[in-house]
Amino acid sequence: MLQLFLLILVCSVASAQMKDTLRVLCVGNSFTYVGDAHKKLVDLAASQGHFIRMNAQYVGGFTFARHLQRDETLNAIERPSPSDAFDYVFLQNQSQLHARYGSNPKQYPYVLADAKELSGRIRQYSPGAIIFIESTWSYPASDFGGFGSLEAFDRLSDKGTEALAKACKAKVSYIGRAFALARVQCPDIPLLADDAKHQTDLGSYLKACVNYLLMYGEPFDGNASPCG
């Protein structure tokens with residue numbers, strides 16, 4: 001009992017020292033859970049005095065459509081009471097879908113329909129939430145995702161994500177642009193794993209940095225990295 005009391009006391013003191021508390025939902029797949037990008041966001045915020053209550057829903061390869069059929073994701077979205085609604089929501093789709101939609105919206109209308117349904121469901125239960133749709137990074141695997149080059153992949157991914165975000169009254173998290181800049185400016189930093197697709201720990205940290213800046217709009221010191 002004494003140990004439990006001390007643990008509760010320590011947690012209470014730690015929470016009291018935080019500047020603020022935000023409730024965040026991350027919905028995605030392996031581009032979210034590999035390297036624990038969502039946990040790195042929590043750690044990064046904590047290092048700067050911000051407390052995040054994180055709820056992350058992810059399954060490898062999942063699309064928005066599959067999340068809309070998954071009980072665990074729907075329960076997370078629909079569970080908040082008015083006082084416990086999400087402040088920020090980050091939505092990460094299957095990595096090629098936004099680029100496909102950007103290349104030919106008429107051929108892939110379901111990508112827009114799924115994004116609108118998912119964002120609409122979130123607003124039904126967290127009406128004040130700021131929703132970000134992530135434009136993820138390009139990668140060399142599978143002929144650059146089927147788009148022939150990193151540049152084409154990036155361009156179409158941004159184009160598709162921007163169109164989806166506009167239709168859903170959401171914002172864009174340009175994670176892919178951060179990866180593209182890092183490829184040019186810091187080519188010695190390995191952002192992608194050996195499969196030339198998924199992110200390394202450093203790639204996950206970069207993703208966390210982008211989303212941190214979108215949430216808080218403030219710089220952070222260089223001691224925040226949990227990656228070394």
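A: Gladly. This is a predicted model. In the lining of the largest pocket, α10 (175-185) and α11 each supply at least two residues.

Q: Which residues line the largest pocket?

A: The lining consists of A178, L181, A182, Q185, C186, I189, L191, L202, Y205, L206 and C209.

Q: How many of the residues in that lining are nonpolar, polar and charged?

A: The lining of the largest pocket has 10 nonpolar residues, 1 polar residue and no charged residues.

Q: And how much space lies in the largest pocket?

A: The largest pocket holds about 240 Å³ of space.

Q: What about cavities: how many of 30 Å³ or more does the count give?

A: The count gives 1 cavity of 30 Å³ or more. About 60 Å³ of space lies in the largest cavity.

Q: Which residues line the largest cavity?

A: The lining is made up of C26, T32, A37, H38, L41, F90, E134, K207, A208 and N211. By class, these residues divide into 5 nonpolar, 3 polar and 2 charged.

Q: Which helices each supply at least two residues of that lining?

A: They are α3 (37-47) and α11 (201-216).

Q: I noticed K207 and E134 in the cavity lining. In what way do their side chains meet?

A: They meet in a salt bridge, with an N to O distance of 3.1 Å. The pair links distant parts of the chain, since K207 belongs to helix α11 and E134 to strand β4 (residues 130-134), 73 residues apart.

Q: Is K207 buried or exposed? And E134, buried or exposed?

A: K207 counts as buried, with a relative accessibility of 3%. E134 is likewise counted as buried, at 3% relative accessibility.

Q: How many salt bridges does a search of the whole structure find?

A: The search finds 9 salt bridges. One of them joins D84 and R23, whose closest N and O atoms are 2.5 Å apart.

Q: What is the partner of E72?

A: E72 forms a salt bridge with R70, and the closest N and O atoms are 3.8 Å apart. The two residues fall into separate accessibility classes: E72 is partly exposed, with a relative accessible area of 46%, whereas R70 counts as buried at 17%.

Q: Turning to α5 itself, which of its residues are buried?

A: In α5, the buried residues are T73, L74, A76 and I77. Seen down the helix axis, they fall within an arc of 160 degrees, so they line one face of α5.

Q: What do the buried residues of α5 pack against?

A: They pack against β1, β2 (50-58), α4 (64-67) and α7 (109-125).

Q: Let us change topic to A170. Where is A170 found?

A: A170 is in the loop between α9 (150-168) and β5 (171-173). At 17% relative accessibility, A170 counts as buried.

Q: Which residues does A170 touch?

A: Leaving aside residues up to four places away in sequence, A170 touches R123, I131, I133 and A165. A170 and A129 lie 41 residues apart in sequence, and their C-alpha atoms are 9.7 Å apart in space.

Q: Finally, the overall picture: how many helices and strands are there in the protein chain?

A: The protein chain has 11 helices and 5 strands. Of its 228 residues, 47% are buried.

Q: What share of the contacts with a separation of 6 or more comes from residues 24 or more positions apart?

A: Such residues account for 76% of those contacts in the protein chain.

Definitions and conventions. Residues are numbered from 1 along each chain as its sequence is written. This is a predicted model: local features need pLDDT of at least 70, side-chain atom pairs count only at pLDDT 80 or more; totals for chains, interfaces and linings use all residues. Side-chain values use heavy atoms; hydrogens and water are left out. On a 1 Å grid over the protein atoms alone, a cavity is a set of points where a 1.4 Å probe fits but cannot get out, and a pocket is an open set with protein on both sides within 12 Å along at least five of seven lines; lining residues have an atom within 4 Å of a point. Grid points are joined across faces, edges and corners, and a volume is the space filled by probe spheres set on the points. Helices (H or I, at least four residues) and strands (E, at least two) are DSSP runs, numbered from the N terminus. Ala, Val, Leu, Ile, Met, Phe, Trp, Tyr, Cys and Pro count as nonpolar, Asp, Glu, Lys and Arg as charged, and the others, Gly among them, as polar. A salt bridge is a side-chain nitrogen of Lys or Arg within 4 Å of a carboxyl oxygen of Asp or Glu. Buried means under 20% relative accessible area, exposed over 50%, partly exposed in between (1.4 Å probe, protein chains only). The arc is that of the directions from the helix axis to the C-beta atoms. Contact means heavy atoms within 4.5 Å.
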